[in-house]
Amino acid sequence: MAATSTLSPYLHFGQISPVTIALHVQAATAGSAEDRAAFLEELIMRRELAVNYVYYNPDYDRFAGLPAWARRTLAEHAADRRSPIYARADLVAARTHDPYWNAAMVEMRDTGFMHNHMRMYWGKKILEWSASPEIAFETALWLNNRYFLDGRDPNTYAGVGWIFGLHDRAWFERPIFGKVRYMAASGLERKCDIRAYVDKVAQTGCTGTGK
Ligand SMILES: Cc1cc2nc3c(=O)[nH]c(=O)nc-3n(C[C@H](O)[C@H](O)[C@H](O)COP(=O)(O)OP(=O)(O)OC[C@H]3O[C@@H](n4cnc5c(N)ncnc54)[C@H](O)[C@@H]3O)c2cc1C
């Protein structure tokens with residue numbers, strides 16, 4: 001599951017330059033060429049796409065900043081029944097019915113970090129379990145910026161926006177999400193050893209309430 005550099009807090013606080021990292025990766029011989037190219041794609045393309053988003057979009061930290069197609073499809077499904085709906089306090093306390101989501105929230109809250117794949121799942125569930133997409137956006141951004149060491153970064157706003165369709169395309173229409181991409185727990189079970197992740201978070205002894 002790991003396969004990640006955990007460099008984002010250091011990049012966020014300017015303790016290392018992306019140019020230094022990119023030059024080292026280009027000169028490296030370890031790992032496969034595909035892995036190095038994928039890493040550079042994230043470090044350069046995805047990161048700069050985020051910088052571009054906050055630089056050119058005055059509403060980068062608001063629901064209003066999302067692409068029109070995404071806001072439209074979410075609005076068309078705003079009245080869809082949501083069950084369960086969790087209050088912000090329940091989310092902070094990692095008190096949901098979903099053990100995978102709870103583990104992600106505990107990791108975020110108590111270590112200040114979370115793997116990219118879990119960030120995607122974590123955010124999609126906030127959209128699913130909130131009374132409206134606007135409330136979901138505010139909640140996800142608030143949690144992100146309060147608990148992540150790399151929070152309040154351009155990547156934050158692009159990452160949270162992605163949950164709601166930013167820098168993505170329309171998918172099959174479904175309740176609540178409309179045409180915005182959905183993620184299911186079964187996807188985690190298929191693509192990674194999610195039970196090992198839950199065990200790992202439990203073993204780190206993260207038990208605080210995050211207050
Ligand atoms: C809901 C959500 C919230 C997010 N919040 C943040 C945040 O607050 N701060 C933050 O820095 N990133 C955020 N991201 C983007 C991404 O998840 C993190 O940058 C990455 O997981 C950081 O871990 P790493 O340094 O080990 O990444 P690695 O996979 O090792 O990648 C190396 C570097 O490439 C860049 N990068 C990788 N993936 C992305 C991406 N999808 N978008 C933009 N740049 C990327 C980052 O600078 C990262 O440090 C968020 C993503 C989502 C879906």
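# A tour from loop to ring

Start by selecting A94, which lies in the loop between α5 and α6. Helices (H or I, at least four residues) and strands (E, at least two) are DSSP runs, numbered from the N terminus. This is a predicted model, in which local features need pLDDT of at least 70 and side-chain atom pairs count only at pLDDT 80 or more, while totals for chains, interfaces and linings use all residues. Residues are numbered from 1 along each chain as its sequence is written, and side-chain values use heavy atoms, leaving out hydrogens and water.

**Stop 1**

Most residues other than glycine have a negative phi, and most peptide bonds are trans. Is A94 buried or exposed? A94 is buried, with a relative accessible area of 13%. Buried means under 20% relative accessible area, exposed over 50%, and partly exposed in between (1.4 Å probe, protein chains only).

Now go to T6, in the segment before α1. T6 also has a positive phi, near 55°. T6 counts as partly exposed, at 37% relative accessibility.

Next, select S83 and P84. The peptide bond from S83 to P84 is cis, with omega near 5°. P84 sits in the loop between α4 (68–76) and α5 (88–92).

**Stop 2: the whole chain**

Zoom out. How many helices and strands are there in the protein chain? There are 11 helices and 0 strands. The radius of gyration is 17 Å, close to the 17 Å that the globule rule gives for 211 residues, so the chain is as compact as a globular protein of that length. That radius is taken over C-alpha atoms; the rule is 2.2 Å times the number of residues to the power 0.38. Along its principal axes, the C-alpha trace spans about 55 × 40 × 35 Å. Of the 211 residues, 44% count as buried.

**Stop 3: aromatic pairs**

Show the rings. The structure holds 10 aromatic pairs. Rings of Phe, Tyr and Trp (its six-membered ring) pair if their centres lie within 6.5 Å; planes under 30 degrees apart count as stacked, over 60 as edge-to-face and the rest as tilted.

Select W101 and W129. Their ring centres are 5.6 Å apart and their planes stand at 65°, so the pair is edge-to-face. W101 lies in helix α6 (residues 99–111) and W129 in the loop between α7 (116–128) and α8 (133–147), so the pair ties together parts that are 28 residues apart in sequence. W101 is buried, at 0% relative accessible area. W129 is buried too, at 3%.

Move to W142 and Y147. This aromatic pair is edge-to-face, with 6.4 Å from centre to centre and 85° between the planes. W142 is partly exposed at 33%, whereas Y147 counts as buried at 10%.

Then pick F63, F137 and F164. Ring pairs link F63, F137 and F164 into a cluster.

**Stop 4: charges over rings**

Which residue lies over the face of F148? Select R119: it lies over that face, 3.9 Å from the ring centre. R169 lies over the face of W171, also at 3.9 Å from the ring centre. Such a charge sits over a ring if NZ of Lys or CZ of Arg is within 6 Å of the ring centre and within 35 degrees of the ring normal.

**Last stop: a glycine**

Finish at G14, in the loop between α1 (8–12) and α2 (18–27). G14 counts as exposed, at 58% relative accessibility.
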